[in-house]
Amino acid sequence: MELTAEDRALLAALEDGLPLVPRPYAEIGAAVGLSERRTRERLAALRDNGVISRFGVVVRHRELGYRANAMTVWDVSDDRVDEAGRAIAAMPGVTLCYRRPRRRPDWPYNLFCMVHGRNRAAVEQTIEQITRKAGLDGSARAILFSRRRFKQRGARYDRAPAPDDAVATGE
Amino acid sequence: MRPTRETASEFDALDRALLNGFQNGFPLSPRPYAEVADRLGTTEDDVLARLRRLSESGAVSRVGAVVAPHRAGWSTLAAMAVPADRLDAVAGLISGFREVNHNYEREHRLNLWFVVTGRDPAHVADVLRAIAEATGIEVLDLPMESAYRLSLGFELQWS
């Protein structure tokens with residue numbers, strides 16, 4: 001779906017978040033020449049049609065005591081990957097689950113999921129449960145714990161949408 | 001990197017309700033913070049003050065919109081194998097791109113992982129090419145092909 005210039009401007013104005021003032025939609029709207037009512041209506045429409053997948057408080061896991069996160073990846077045959085992905089998506093502890101292309105020989109994995117936990121052991125336990133329940137014990141797997149966060153923030157909307165993308169530990 | 005400053009015990013019941021209960025479906029009414037306050041049994045001023053404090057401490061990134069991937073532009077997950085002695089410099093160079101919004105070191109031979117967003121695939125490809133040229137290191141481009149689960153928020157447990 002193509003966004004209108006108005007919608008793009010609105011998302012751009014929101015990139016650093018909703019202002020913490022009593023009438024935030026009036027303030028956001030004023031920045032792009034929209035009325036408060038129009039701003040609220042467009043945001044509702046973008047939410048209803050799925051362009052905005054989530055609208056609300058975005059927390060940072062680490063600052064809230066969830067110090068460990070791992071991106072876990074499997075190499076699942078193309079005819080089974082959708083089934084496995086849907087199964088993983090429904091499991092507790094999983095925040096994101098995507099299929100991505102393999103890049104052999106460097107990267108043989110095509111199924112990605114993100115798990116956060118208070119510590120490494122908790123994340124490892126969740127990953128073992130996921131692997132077993134999704135029937136992936138026989139699939140090649142790698143677990144990529146995060147070591148350092150260099151950057152985490154919302155995307156810049158004027159040139160791009162804020163993606164709900166996979167290394168997003170704080171999104 | 002932002003240091004970790006808060007622990008779960010520093011949040012009272014209202015903080016926790018704010019952090020857990022409003023990650024999605026934030027009110028679009030003219031005074032959304034007043035509506036949140038009504039639901040929590042407090043005042044608009046209190047909700048605003050708490051959100052300011054939680055933002056300043058880093059626990060809250062923002063009250064904002066997360067856009068579904070590829071609904072209004074293009075993004076990809078990129079990976080590089082960076083020699084240890086160059087990691088800080090290369091990570092700094094990559095974080096300097098405004099198109100990069102997440103950038104992490106991970107435990108793997110491919111040790112640097114970041115998300116690039118742009119207007120369209122060509123814009124994203126330009127950024128990946130610029131990074132490869134500036135560093136002399138191959139950049140793996142791993143765009144999403146199917147989303148089985150988008151982030152709908154994160155349930156925080158305080159036990």
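User: Which residues does Ile94(B) touch, not counting residues up to four places away in sequence?
Analyst: Keep in mind that this is a predicted model. Ile94(B) lies in helix H4 of chain B, which covers residues 87–95. Setting aside residues up to four places away in sequence, the ones Ile94(B) touches are Met80(B), Val100(B), Asn103(B), Leu112(B), Phe114(B) and Ile131(B).

User: Is Ile94(B) buried or exposed?
Analyst: The cut-off for buried is under 20% relative accessible area. Ile94(B) has a relative accessible area of 0%, so this residue counts as buried.

User: How far apart in space are Ile94(B) and Val116(B), C-alpha to C-alpha?
Analyst: Along the sequence, Ile94(B) and Val116(B) are 22 residues apart. In space, going from C-alpha to C-alpha, the gap between Ile94(B) and Val116(B) is 9.7 Å.

User: What share of the residues in chain B is buried?
Analyst: Chain B has 159 residues. Ile94(B) is one of the buried ones. Overall, the buried share of chain B is 54%.

User: What is the area buried between chain B and chain A?
Analyst: Let's start with who takes part: 94 residues of chain B are in contact with 94 residues of chain A. Carbon and sulfur atoms give 53% of the area buried between the two chains. That area is about 8900 Å².

User: Which residue of chain A meets Glu107(B) in a salt bridge?
Analyst: Across the interface of chain B and chain A, 6 salt bridges are found. Glu107(B) has its side chain in a salt bridge with an N to O distance of 2.9 Å, and the partner is Arg120(A).

User: Which strand gives the largest share of the side of chain B that touches chain A?
Analyst: That share comes to 8 residues. They belong to the strand spanning residues 60–67 of chain B, namely E1.

User: How many residues on the side of chain B that touches chain A are nonpolar?
Analyst: This side of chain B also has 27 polar and 20 charged residues. The nonpolar ones number 47.

User: Which residue in E6(B) is the bridge partner of Arg99(A)?
Analyst: Strand E3 of chain A (residues 94–99) pairs with strand E6 of chain B (residues 146–149). The pairing is antiparallel and runs over 3 bridges. In E6(B), the partner of Arg99(A) is Ser146(B).

Methods: Residues numbered from 1 in each chain as written. Chains lettered and ligands numbered in written order. Predicted model: local features only at pLDDT ≥ 70, side-chain atom pairs only at ≥ 80, totals over all residues. Heavy atoms only, no water. Helix = DSSP H or I, 4+ residues; strand = E, 2+ residues; numbered from the N terminus. Buried < 20%, exposed > 50% of the residue type's maximum accessible area, 1.4 Å probe, protein only. Contact = heavy atoms within 4.5 Å. Buried area = accessible area lost by both parts, 1.4 Å probe. Salt bridge = Lys/Arg side-chain N within 4 Å of Asp/Glu carboxyl O. Nonpolar A, V, L, I, M, F, W, Y, C, P; charged D, E, K, R; others polar. Pairing = 2+ DSSP bridges.
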